[in-house]
Amino acid sequence: MSKRISSFPAVIHEDSEILILGSIPGVKSLEMQEYYAHPQNKFWSIIFELFNEDFTKDYQRKLQILKKNKIALWDVIDSCERKGSLDSEIKNEKENDILKLLKDYPNLKVIFCNGQKSYKNLIKTFGKEIEVPVVALPSTSPLHTISFDKKLEVWQQIKDHASSCLSED
């Protein structure tokens, strides 16, 4: 029997302009109560590389890097049943209210989806109602086996958006 799990609250600030959406935290993330806590997940490595920051395991410092670059973080799925950490095992999902988040934080200019599950769920649930661009990125999960360099190259779009957001200030 799968057990019901829940996402974390959004990591967001009034001046956030970029929203990165995952599907729902994996087992290690739920255990640690941190986004992307599995050491083999490349999310934080990519973020630190994109913004030329020295890598740290300090979660609060990681969150500061997001804030500094006007990046918000959340999941498409609020809760679901799942055995293990695989997106393919997700059942009976209930979506987070992404439209409300976009309404409450009107500075958000673009959504990047970390992997196909978050992208497909977002489009299926909210599709035409989302009025900002939505971009699907390769998953940072170790199960998505393209190279780190290839993931980094595609994720560069986030830095490009962040740079344009910061230069408009």
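E53 is a buried residue, with a relative accessible area of 17% (buried is under 20%, exposed over 50%, and partly exposed in between, with a 1.4 Å probe and protein chains only). This is a predicted model, where local features need pLDDT of at least 70 and side-chain atom pairs count only at pLDDT 80 or more, while totals for chains, interfaces and linings use all residues. Residues are numbered from 1 along each chain as its sequence is written, and side-chain values use heavy atoms, with hydrogens and water left out.

**Salt bridges**

Let's stay with E53 for a moment. The side chain of E53 meets that of R61 in a salt bridge, meaning a side-chain nitrogen of Lys or Arg within 4 Å of a carboxyl oxygen of Asp or Glu. R61 counts as partly exposed, at 31% relative accessibility. E53 also forms a salt bridge with K68. K68 lies in helix α3 (residues 59–68) and E53 in the loop between α2 and α3, so this pair ties together parts 15 residues apart in sequence. Helices (H or I, at least four residues) and strands (E, at least two) are DSSP runs, numbered from the N terminus. K68 itself counts as exposed, at 51% relative accessibility.

| Pair | Closest N to O |
|---|---|
| K68 and E53 | 2.7 Å |

K28 and E31 sit 3 residues apart in helix α1 (residues 27–32), about one helical turn. K28 is partly exposed at 30% relative accessible area, and E31 is exposed at 55%. In total the structure holds 9 salt bridges, and E17, K70 and K109 are linked in a network of them.

**The sheet**

Now for the strands. Four of them make an open sheet with the order β3-β2-β6-β7 and parallel pairing; two strands pair if DSSP finds at least two bridges between them. β3 (71–75) and β7 (134–137) stand at the edges with a single partner strand each, so one side of each has no neighbour in the sheet. On average, neighbouring strands are turned by 25 degrees against each other, direction ignored (axes are lines fitted to C-alpha atoms, for helices over the stretch in contact, and angles run from 0 to 180 degrees between N-to-C directions). Strand β6 (residues 110–114) and β7 run parallel and are joined by 4 bridges. F112 has V135 in β7 as its bridge partner.

Helix α5 (residues 116–126) has S118, N121, L122 and F126 as its buried residues. Seen down the axis of α5, these fall within an arc of 100 degrees, so they line one face of the helix; the arc is that of the directions from the helix axis to the C-beta atoms. The face turned away from the buried side carries the exposed residues K120 and K124. The buried residues of α5 pack against β2 (18–22), β4 (77–82), β5 (91–95), α4 (98–104), β6 and β7.

L122 turns up again in the largest nonpolar core, which has 44 residues: I20, W44, L73, I111, L122 and I158 touch the most other members. Such a core is a set of buried Ala, Val, Leu, Ile, Met, Phe, Trp, Tyr and Cys residues joined through side-chain atoms within 4.5 Å. Helix α2 (residues 43–50) gives the most to this core, with 6 residues. Leaving aside neighbours within four places in sequence, the contacts of L122 include L21, V76, I98 and I111 (contact means heavy atoms within 4.5 Å). A second, separate core of 5 residues includes I5, I24, I77 and I90.
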